[in-house]
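Hi,

Here is the structure I promised to pass on.

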Amino acid sequence: MSEKRIILEMGTGNDLYGQDYTKAARRAVQDALHHSSITLFSKLGIDHSEMRVSVTIGVQDPEQVDCGLVASDLPRGRAEVRAVKGGLEVVDEEAGTRHVVATAAIEAFLPGLSGKYVRS
């Protein structure tokens, strides 16, 4: 059965002092989640477990993101998280630190529902 993307949300997060890529990624995911209020599931009687959630995190050093920890923050669906090159780092030469900025794209997919619902 084919899937249909039903949600696309974007968010940004940062860790200004800890240089922690996972913390910035988790904050980006929370930012994206706070843009959504999805009543579709309760209105149509769809179980959240039918939803596949695909998260793409953009940071300058993708290897530094704990994708499993980011996935554990997602409240619904079957989560898939991957980190890719992106985001931003702002270097503070004087302090010898960098400020990590992550971006997140959250996509939610449901199996095709054509024919399951009839407009009355």
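A quick word on terms before the tour: helices (H or I, at least four residues) and strands (E, at least two) are DSSP runs, numbered from the N terminus. Keep in mind that this is a predicted model, where local features need pLDDT of at least 70 and side-chain atom pairs count only at pLDDT 80 or more, while totals for chains, interfaces and linings use all residues. Residues are numbered from 1 along each chain as its sequence is written, and side-chain values use heavy atoms, with hydrogens and water left out.

**The overall picture**

The protein chain has 3 helices and 5 strands, and reading along the sequence gives the pattern β-α-α-β-α-β-β-β. Its C-alpha trace spans about 65 × 25 × 20 Å along the principal axes. Of the 120 residues in the protein chain, 31% are buried; buried means under 20% relative accessible area, exposed means over 50%, and partly exposed is in between (1.4 Å probe, protein chains only).

The protein chain exposes about 7,300 Å², with carbon and sulfur atoms supplying 48% of that. Those areas come from the Shrake-Rupley method with a 1.4 Å probe, and for residues only the protein chains shown count as cover. Among contacts (heavy atoms within 4.5 Å) with a separation of 6 or more in the protein chain, 77% are between residues 24 or more positions apart.

**The charged pairs**

Side chains of opposite charge can pair when their charged atoms come close. The structure holds 5 salt bridges, a salt bridge being a side-chain nitrogen of Lys or Arg within 4 Å of a carboxyl oxygen of Asp or Glu.

One of them joins E3 and R52, with the closest N and O atoms 2.8 Å apart. This pair links distant parts of the chain: E3 sits in strand β1 (residues 3-15) and R52 in strand β2, 49 residues apart. E3 is partly exposed at 34% relative accessible area, whereas R52 is buried at 18%.

R52 also meets E80 in a salt bridge, 2.9 Å from N to O. Here R52 lies in strand β2 and E80 in strand β3 (residues 78-85), so the pair ties together parts that are 28 residues apart in sequence. E80 counts as partly exposed, at 38% relative accessibility. Put together, E3, R52 and E80 are linked in a network of salt bridges.

Another salt bridge runs between R5 and E107, whose closest N and O atoms are 2.9 Å apart. That pair also links distant parts of the chain, with R5 in strand β1 and E107 in strand β5 (residues 97-111), 102 residues apart. R5 is partly exposed, with a relative accessible area of 46%, while E107 is buried at 18%.

**Around R52 and E107**

What else does R52 touch? Leaving aside neighbours within four places in sequence, R52 is in contact with E3, R78, E80, E107, A108 and F109. R52 belongs to strand β2 (residues 52-59), and it lies over the face of F109, 4.2 Å from the ring centre. For that label, NZ of Lys or CZ of Arg has to be within 6 Å of the ring centre and within 35 degrees of the ring normal.

**One more residue: K85**

Beyond neighbours within four places in sequence, K85 is in contact with V59, Q60 and P62. The C-alpha atoms of K85 and E63, 22 residues apart along the chain, are separated by 9.3 Å.

Cheers
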